[in-house]
Each structure stands twice: as C-alpha cells, then as structure tokens.
Amino acid sequence: MVFRKPPDGGWGWVIVVVSFFTQFLCYGSPLAVGVLYLEWLDAFGEGKGKTAWVGSLANGIGLLASPVCSICVSSFGARPVAIFSGFMVAGGLMMSSFAPNIYFLYISYGIVVGLGCGLLYTATVTITCHYFDKRRGLALGLISTGSSVGLFIYAALQRELIDLYGLDGCLLIVGALSLNILACGSLMRPLESSDSPPPEKTCVDKVPDQYFVYHEKEKTVEENISILEKGYIDEKCANNMPDYKQDSILNKNVLSSINVNEKDTYKKKVVEQTNFCKQLAKRKWQLYLNYWEETVVLFKNKVFSALFVAILLFDIGGFPPSLLMEDVARSANINEDDYHMPLISIIGIMTAVGKLTLGILADFKWVNTLYLYVTTLLMTGVALFAIPFAKSYLTLAVLSGILGFLTGNWSIFPYVTTKTVGIEKLTHAYGILMFFAGLGNSLGPPIVGWFYDWTQEYDTAFYFSGFCVLLGGFLLLLAALPCWNACTNQSSKLPPNTYSYKVASSA
C-alpha cells in the first residue's frame with residue numbers, strides 16, 4: 001500500500017473529529033475509574049492496594065503493550081483495528097458488570113479494556129499522522145484532549161449512573177456507549193492510492209537467485225544429461241522391436257521423464273524455500289542485534305538515562321491522585337454536600353488545559369522544553385506533599401486542579417525526547433520510555449493503596465509519591481545541567497543497517 005501526500009485537511013478533519021470521540025469514549029471510564037474504585041471497595045471488601053490494581057492495569061497495559069499495538073495497526077490498518085478494539089472495550093466494560101470478584105475485574109476491566117484502549121490510541125494517532133504533515137501538531141493536540149474531556153465528563157456521568165442504576169447498570173450503560181467507537185472506526189478511511197506504483201521489494205526479496213540454489217544447478221544438469229542418454233539408448237533398442245511394443249516403451253519413457261522432472265522441480269523448490277528461510281532468519285537476527293545495539297547507545301546518553309528514571313518515578317507518584325483522590329476525600333470525612341464537582345472531573349479538565357498551555361509554551365524558541373518539563377516534575381512533587389495537609393473540599397479541589405494541569409506535561413514529553421536523542425532515534429527512544437511509563441502507571445496506585453493498608457492513612461503514601469516525583473525531577477535536572485548543550489548538539493546518526501521501529505503511547 002502506497003500512501004498519497006498528506007492533504008492537511010479535507011477528510012483529515014473528519015479523522016480528527018472521530019479520533020477525538022474515539023479517545024473520549026474509550027478513555028473516559030478508565031481514566032475516571034476512581035469513581036468505580038470506591039464502589040468496588042464496598043462491593044468486594046478487598047484491600048485498597050489489591051483493588052487499585054484494576055484501574056492501574058486499565059491505564060498501564062496499553063503503554064506496556066505499545067509495540068504489539070503498533071505491529072497490529074501496521075499489519076491490519078487503523079480502521080479494522082479500531083473496529084475490533086471497539087468490541088474489546090465495550091465487551092470488557094459489559095463483562096465487568098457481572099464480575100463475581102476482584103480477580104475477574106483484573107481480566108475484564110484491567111486487561112481487556114486496557115489493551116483495547118492501547119490499540120485505539122495507536123490507531124487514532126497513526127491515521128491522523130497519515131492525513132496531516134504541516135498541521136500534524138495541531139491535529140494530534142486536538143485528538144489528545146479527547147481523553148481529558150472524557151475524564152471530565154465520565155467522572156460525573158458514572159457517579160450519576162451509579163446513583164440511578166447501581167454499579168452493574170453503570171458499567172452496562174457505559175459499555176453500550178462505547179459501541180459508538182464502531183461508528184467512529186468505520187469513518188477512518190485509509191489514505192491510499194490505487195493507481196500508485198507497486199511498492200519496492202523488501203531486502204529479502206532482492207536476494208539474488210544464486211544465494212538460494214547454491215550448487216543444486218550443477219546437480220540438476222548432470223541428472224538431465226543422464227536422463228537424456230538413458231532415453232536415447234532405450235529409443236535405439238526399441239527400433240528393433242515391433243511397432244506396438246515401441247509405442248508402449250516410448251510412452252513409458254515419456255512418463256518416467258515427466259516424473260523425474262517433477263521430482264527435480266520439487267527438490268529445487270524445497271532448496272529455494274529452505275535458503276529463503278535461512279536468509280530471512282539471518283536478517284531478522286541482524287535486526288534484533290541492531291535494535292539492542294541502538295538501545296545501548298541510547299542509555300549511554302546521561303540525559304536519556306535520567307529521563308527514563310524520571311518518567312518511571314513520575315508515573316509511580318503522579319498517577320495515583322487521578323485514581324484515589326475521591327477516596328482521599330472520603331477518608332478525610334469531607335461531607336458530600338460540599339461537593340460542587342467531582343475531584344476527578346477537576347483533574348480531567350485541568351489536564352486538557354495543561355496539555356494545550358504547555359504545548360503552546362514549548363513552541364516558543366526562548367523556552368527550553370527540558371527545563372520546562374523538570375519544572376512540572378518539581379511542582380508536582382510539592383503538590384503531592386501538600387495533599388496530607390488538605391482537610392477541606394476547597395483545598396483538595398485546588399490541589400486536584402494543580403496536579404491535573406501539571407499532568408498535562410505529557411504534551412511536551414515528545415519534544416523533550418526529541419531534544420535528548422534527536423529525531424532519527426525518536427521512535428526507538430519514545431517506545432522505551434513509554435514502556436516504563438506504563439510500568440509506573442501499573443505500579444503506582446497499588447503501592448499507594450498498600451501504604452494505606454499498612455498505615456490506615458494516606459499521609460505516608462503521598463509523602464512517598466511526592467518523594468518519588470521530586471527524586472526523578474532532581475536527577476533529570478542534575479543530568480541536564482552540565483551536559484545539556486553537549487547532548488543536544490551531538491550528531492545522532494544511526495549505525496549502519498539500523499531499522500526504525502514504530503511505537504505507540506497512551507495519553
């Protein structure tokens with residue numbers, strides 16, 4: 001399939017709209033899972049650390065499986081993957097309404113819904129990049145706000161549905177709403193040209209024939225000579241026989257010659273296929289060697305190594321508030337009548353504001369995106385340290401807004417990665433970083449929940465979270481100060497025979 005030049009408009013704006021609603025529908029419930037978290041605590045009576053695994057898996061599994069998601073979209077296309085993933089998300093949510101225990105939710109909500117969200121994110125980003133080039137940043141920024149708007153709306157929606165229909169009814173209705181992803185996915189028309197020239201052959205297809213056959217040709221020639229000689233002798237002897245015998249022998253020789261030729265052709269095909277597999281395996285092995293060689297080169301960059309630690313610690317400490325803030329308010333005995341808006345909704349809307357604001361700041365030439373990212377990490381750590389001192393709805397709402405705004409630093413993370421490793425290594429480096437971000441998303445809420453189970457209060461848990469984020473920010477700052485200019489000015493040429501890899505991330 002050969003793609004045309006991105007039109008930067010036209011049907012591309014339809015793609016932006018449907019991608020926005022796709023992320024809105026698929027990420028709304030997983031990001032607002034804090035409302036469901038309270039109900040699951042009451043329904044199953046499990047510890048907070050064990051229950052928190054449901055939401056952390058739903059948000060982290062898509063990042064952990066980002067290489068697999070990229071392979072699926074590359075192999076089957078964005079539209080089929082989006083439609084299939086819509087069934088996954090809707091089915092996982094509906095199955096969760098029948099969950100008999102917390103372990104069932106690990107699979108139905110955590111793995112099935114989480115993997116479906118990861119596939120949908122990859123599909124929406126891929127199809128948007130196909131349709132946009134010059135306006136790609138704007139298009140990606142617009143669709144990424146879909147998840148934040150989903151968090152804002154679904155936090156209030158799920159609470160209202162629980163009050164009206166209970167937890168099971170809420171999950172059934174939310175799952176039914178997710179079926180609208182199928183309609184959105186059907187509009188993701190691939191950008192392709194039927195009259196384009198055929199794609200260039202792959203490296204394996206270009207292998208000359210002599211590497212496939214080896215010395216089989218010489219053997220084939222000798223066999224053919226012996227067959228011809230044998231046929232000539234038989235024909236000479238047959239001339240002294242009656243005609244009817246001569247005809248039968250001639251037919252027999254023809255049949256035997258055909259059988260020998262068929263066997264020879266079969267042997268040749270077996271040899272060709274065997275050597276093709278050998279060449280393919282050799283090239284795949286070289287591909288893996290190049291991948292790990294490039295990975296080692298990346299980790300020799302001090303800033304990249306510090307960035308990998310920072311993103312892991314940031315997600316361990318910075319993600320739990322979006323899942324646990326409602327339970328923090330309940331643990332602080334805040335009256336529900338004081339609630340003007342769910343705290344998770346505040347986090348969601350401020351995350352969207354933060355993505356847009358920080359993304360605009362990153363476009364200014366006088367703004368160093370690495371220092372801007374470090375600033376958001378340090379401020380997040382301070383805000384997490386302040387949560388134990390918040391004893392009213394107003395203070396928790398303010399802290400939720402601050403944390404939501406700072407979590408919008410996801411929009412500038414690709415800028416930081418590009419500055420650190422260069423555009424040529426961006427896909428490889430970003431995939432590694434997103435894997436560890438998913439690991440942090442998966443581990444953060446259970447760790448905070450375990451702290452509560454041990455101490456019966458959230459103070460120690462959020463001190464730990466704040467310490468993790470501050471530690472990551474200071475390590476990144478120390479790594480960046482002495483060698484920032486040297487790292488950004490270094491040439492980032494790839495080693496020979498290196499292949500690029502597509503990797504997806506989650507919002």
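Because the model is predicted, local features are reported only at a pLDDT of at least 70 and side-chain atom pairs only at pLDDT 80 or more, while totals for chains, interfaces and linings use all residues. Residues are numbered from 1 along each chain as its sequence is written, and side-chain values use heavy atoms, with hydrogens and water left out.

The protein has 19 helices and 0 strands, where helices (H or I, at least four residues) and strands (E, at least two) are DSSP runs numbered from the N terminus. Of its 507 residues, 48% count as buried; buried here means a relative accessible area under 20%, exposed means over 50%, and partly exposed lies in between, with a 1.4 Å probe and protein chains only. Among contacts (heavy atoms within 4.5 Å) between residues at least 6 apart in sequence, 86% join residues at least 24 apart. A search of the whole structure for disulfides, defined as pairs of cysteine sulfur atoms within 2.5 Å, finds 0.

With neighbours within four places in sequence set aside, L36 is in contact with S29, Y109, Q158, I162, L167, C170 and L171.

In helix α4 (residues 66-76), the buried residues are S66, C69, S70 and V73. Seen down the helix axis, these fall within an arc of 100°, so they line one face of α4; the arc is that of the directions from the helix axis to the C-beta atoms. The face turned away from this buried side carries the exposed residues V68, I71, S75 and F76, while the buried residues of α4 pack against α3 (48-64), α5 (78-96) and α6. G77, which follows α4, has a positive phi near 100°. The 19 residues of α5 should span 27 Å at 1.5 Å a residue, and the end C-alpha atoms of this helix are 26 Å apart, which agrees; the expected span is 1.5 Å times one less than the number of residues. Buried residues of α5 include A78, V81, A82, S85, G86 and M88.

Leaving aside neighbours within four places in sequence, Y373 is in contact with L307, I311, N409, I412, F413, V416 and L476. Y373 and Y415 are 42 residues apart in sequence, and their C-alpha atoms are 9.7 Å apart in space.

N409, one of the contacts of Y373, is found in the loop between α16 (393-407) and α17 (413-421), and at 1% relative accessibility it counts as buried. The side chain of N409 makes a polar contact with the side chain of T376 at 3.1 Å; a polar contact is a pair of N or O atoms within 3.5 Å, of which, within protein, one must be able to donate a hydrogen and the other to accept it, and residues adjacent in sequence count only if both atoms are side-chain atoms. Beyond residues up to four places away in sequence, N409 touches F314, L358, Y373, T376 and L377. In α17, the buried residues are F413, V416, T417, T420 and V421, and they cover an arc of only 105° around the axis, which puts them on the same side of α17. Just after α17, G422 takes a positive phi of about 95°.

Two further residues belong to the region of α18. N441 is placed in helix α18 and counts as buried at 6% relative accessibility; not counting residues up to four places away in sequence, N441 touches S56, N59, G60, L63, D315 and F319. Q456, by contrast, lies in the loop between α18 (426-455) and α19 (459-489) and is exposed, with a relative accessible area of 53%. The phi of Q456 is near 60°, a positive value in a residue other than glycine.
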